[in-house]
Amino acid sequence: AGDTSIPSPVPFLSYNAAAVTAAVANSESSHWSPAHSSAIYRIDEWGAPYFSVNSSGNVVVRPYGTGSLAHQEIDLLKIVKKVSDPKSAGGLGLRLPLIVRLPDVLKNRVESLHSAFESAIQAQCYESHYQGVYPVKCNQDRLVAEDIVKFGAPFRFGLEAGSKPELLLAMSCLCKGNPEALLVCNGFKDAEYVSLALIAKKLALNAVIVLEQEEEVNLVIDLSNKLSVRPVIGVRAKLRTKHSGHFGSTSGEKGKFGLTTTQILRVVKKLQDSGMLDCLQLLHFHIGSQIPSTALLQDGVVEATQIYSELVRLGACMKVIDIGGGLGIDYDGSKSGNSDLSVSYGLEEYASAVVNAIRIICDRRSIKHPIICSESGRAIVSHHSILIFEAISATVNTPAMNQIDLPLIIEGLSEDARCDYWNLSDAAMRHENETCLLYADQLKQRCVEQFIEGSLRIEQLADVDGLFDLVSKVIGAAEPARIYNVNLSIFTSIPDFWSIGQVFPIVPIHRLDEKPEVRGVLSDLTCDSDGKIDKFIGGETSLLLHELEGNDGGANGRYYLGMFLGGAYQEALGGVHNLFGGPNVVSVLQSDGPQSFAVTRVMPGPSCADVLRMMQHEPELMFETLKHRAEEFHVEDHDNDGTNYATLISSLARSFHNMPYLKALSPCSYEEVHNAAAEFGASEDEQWSYCYA
């Protein structure tokens with residue numbers, strides 16, 4: 001090592017631990033299969049029946065669930081290639097991150113939910129029917145709402161609104177829906193909201209005004225008389241039944257919404273005195289999202305059905321019991337009833353429990369079976385949307401022994417630090433692993449102290465850090481998770497992770513025929529310490545990932561990850577932290593073409609100019625200011641680096657037009673940027689013109 005008074009550290013690698021580790025890994029990798037990857041990522045548990053891994057090691061979508069045939073599977077990597085390839089190569093020229101919407105999956109979810117209830121109704125001889133509504137707050141995107149109305153038309157599937165803009169959205173969509181579809185009007189209401197709901201009734205929409213607060217009944221009575229509309233009214237009951245998880249906070253006697261039994265009785269009296277008790281036709285309740293078990297579900301349904309029966313006894317013309325939301329998603333594949341991330345039932349068990357509970361109480365009370373309505377938003381839209389993003393870099397591996405300059409380290413060590421080095425070397429020769437780690441850590445801490453005092457150079461400190469990491473790796477100590485930097489804003493695209501700790505399945509969408517050897521956490525682009533993902537399904541604090549490579553043989557050296565089951569709430573709740581806007585969005589349908597899919601719609605994400613406008617800036621004026629600045633400082637036609645004034649201005653314009661996310665690295669000269677840049681005043685059609693698959 002350059003100093004014969006210090007024993008050589010060769011014993012650290014006397015058995016060539018690095019070679020042994022590599023050999024074991026290669027041996028295991030030779031037998032690695034996509035089935036192994038599917039198991040470690042639990043894809044068959046949380047992903048069934050819509051997601052699986054094909055023989056090439058890529059995640060595929062089974063658009064019709066269990067009814068999907070092998071040739072109908074859609075390879076997500078092929079979608080990414082189609083979307084991200086340049087237009088000259090037949091692609092769409094879009095950057096990641098990307099949301100892939102799958103209307104076929106959405107349709108299957110609507111059909112499966114209806115089928116589950118219809119099967120339960122037939123099996124139990126229930127004497128009414130089921131017709132659900134989709135709560136648009138889960139995902140207000142126009143195409144999502146319109147598709148659900150279209151797919152649900154044969155089943156009288158309707159919409160639920162909780163605000164005035166949502167009500168306008170729902171009214172417009174349902175004009176093309178089944179005339180019997182319900183329009184459930186929830187949320188806090190003022191005179192304008194109630195008037196809108198009454199107008200919906202005048203437009204022959206099947207609107208039901210659900211009273212969330214007792215005073216709302218006065219508005220409904222007064223405005224319905226003024227507008228000469230006979231309304232359909234519902235009441236939301238504040239049940240005693242609640243669950244203890246995070247999503248149960250909206251239920252129970254202290255819940256945010258709903259009327260107590262005392263308030264319900266006062267509402268009945270007011271309607272009766274106004275000659276409008278026959279307008280009261282629906283009972284609504286909600287015991288919280290992600291109901292963990294059917295036992296808790298049945299408790300709530302039984303309590304609500306007793307209230308429904310009492311309203312019938314009091315003279316109300318009751319027809320519908322709306323069980324609200326709560327149909328849960330198994331985010332981690334555990335099928336557990338003791339977690340906010342999972343549920344212990346499927347669609348069939350859920351529907352059977354609801355039908356059974358209502359039937360038993362109604363039969364006992366000799367009450368006509370009501371129409372069953374549910375507001376199952378999360379269960380309908382979660383599966384149909386996939387967020388795909390790219391890992392652009394990762395922290396480096398442990399350095400090799402020949403990368404560490406031991407003479408440089410030893411040169412500046414204090415006496416105490418040199419003593420630690422002696423002890424470390426002796427322990428290594430005796431193969432005392434724990435002692436090695438102890439002295440390596442002690443050496444590192446002493447060197448940090450020396451660096452802070454100014455007696456150790458940064459090159460020496462870096463080599464000490466490398467030596468410590470190498471010792472830790474060779475003796476088999478747990479290697480810290482590496483940081484994978486991803487081209488994404490967690491605050492924009494996965495806000496529930498940041499805000500409430502909601503965990504979603506995150507999986508590489510390719511290379512699943514290779515063994516993932518690295519444990520990593522994900523760090524986003526934002527300048528915020530909370531912009532990282534370090535909690536994953538299964539209670540893991542890191543995710544098994546593959547090494548980033550220059551060329552993986554299938555994705556041009558890029559590494560793509562997918563976040564699944566995020567179709568509910570994430571887009572509506574996402575912000576613009578650091579001015580990162582939403583991703584590009586594509587709709588993909590299964591087709592009989594060679595790739596089994598067609599990109600039918602492209603919705604470009606916000607450009608830098610768009611997100612600046614959101615914060616009241618004026619990009620056109622900003623551009624002019626910068627242009628004048630260039631003129632003011634006499635930017636020459638040809639600067640020293642070869643750029644000229646026109647190219648500079650063109651680059652500025654292009655920056656306003658582009659998305660805030662990073663562009664995949666590729667050689668690009670100022671001249672190419674200039675040639676590719678559009679004029680800043682170009683129309684939207686000129687900026688975005690795409691070919692569809």
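Helices (H or I, at least four residues) and strands (E, at least two) are DSSP runs, numbered from the N terminus. The structure is a predicted model, in which local features need pLDDT of at least 70, side-chain atom pairs count only at pLDDT 80 or more, and totals for chains, interfaces and linings use all residues. Residues are numbered from 1 along each chain as its sequence is written, and side-chain values use heavy atoms, with hydrogens and water left out.

**View 1. The whole chain.**
The secondary structure comes to 25 helices and 21 strands. Of the 693 residues, 53% count as buried. Buried means under 20% relative accessible area, exposed means over 50%, and partly exposed lies in between (1.4 Å probe, protein chains only). The accessible surface comes to about 30,600 Å². Carbon and sulfur atoms hold 52% of that surface. Areas come from the Shrake-Rupley method with a 1.4 Å probe; for residues, only the protein chains shown count as cover. Among contacts between residues at least 6 apart in sequence, 75% join residues at least 24 apart. Contact means heavy atoms within 4.5 Å.

**View 2. K137, an annotated lysine in a loop.**
K137 sits in the loop between strand 5 (133-135) and helix 6 (142-152). An unreviewed UniProt entry gives K137 the annotation "modified residue: N6-(pyridoxal phosphate)lysine". UniProt positions are given in the numbering used here, feature names are shortened, and annotations may be inferred rather than shown by experiment. K137 counts as partly exposed because its relative accessibility is 44%. Leaving aside residues up to four places away in sequence, K137 touches E166, Y569 and A572.

**View 3. C527, annotated as an active site.**
The feature "active site" is placed at C527 by UniProt, again in an unreviewed entry. C527 lies in the loop between strand 16 (518-523) and strand 17 (532-533). Is C527 buried or exposed? C527 has a relative accessible area of 72%, so it is exposed.

**View 4. R101 and D141, joined by a salt bridge.**
The side chains of R101 and D141 meet in a salt bridge (3.5 Å, N to O). R101 belongs to strand 4 (residues 98-101) and D141 to the loop between strand 5 and helix 6, so the pair ties together parts 40 residues apart in sequence. A salt bridge is a side-chain nitrogen of Lys or Arg within 4 Å of a carboxyl oxygen of Asp or Glu. R101 counts as buried, at 3% relative accessibility. D141 counts as partly exposed, at 25%. R101, D141 and E571 are linked in a network of salt bridges. A search of the whole structure finds 29 salt bridges.

**View 5. D190 and K164, a second salt bridge.**
D190 and K164 meet through their side chains in a salt bridge (2.9 Å, N to O). The pair links distant parts of the chain, 26 residues apart. D190 is in the loop between strand 7 (182-185) and helix 8 (191-202), while K164 is in helix 7 (residues 164-174). D190 counts as partly exposed at 33% relative accessibility. K164 counts as partly exposed at 26%.

**View 6. A nonpolar surface patch.**
F451, I452 and I458 form a nonpolar patch on the surface. Together they have about 320 Å² of accessible area. Patches are made of residues with over 30% relative accessible area and no salt bridge; like charges are joined within 9 Å, and nonpolar side chains (Val, Leu, Ile, Met, Phe, Trp, Tyr) within 5 Å. I458 is found in helix 17 (residues 458-474). I458 is exposed, with a relative accessible area of 57%.

**View 7. S52 in strand 1.**
S52 lies in strand 1 (residues 51-53). At 14% relative accessibility, S52 counts as buried. Which residues does S52 touch, not counting residues up to four places away in sequence? The contacts of S52 are I43, N58, V59, V60, R62 and E73.

Helix 5 (residues 103-123) has 21 residues. From its first C-alpha to its last, helix 5 reaches 30 Å, close to the 30 Å expected at 1.5 Å a residue. The expected span is 1.5 Å times one less than the number of residues. Just after helix 5, C125 takes a positive phi of about 55°.
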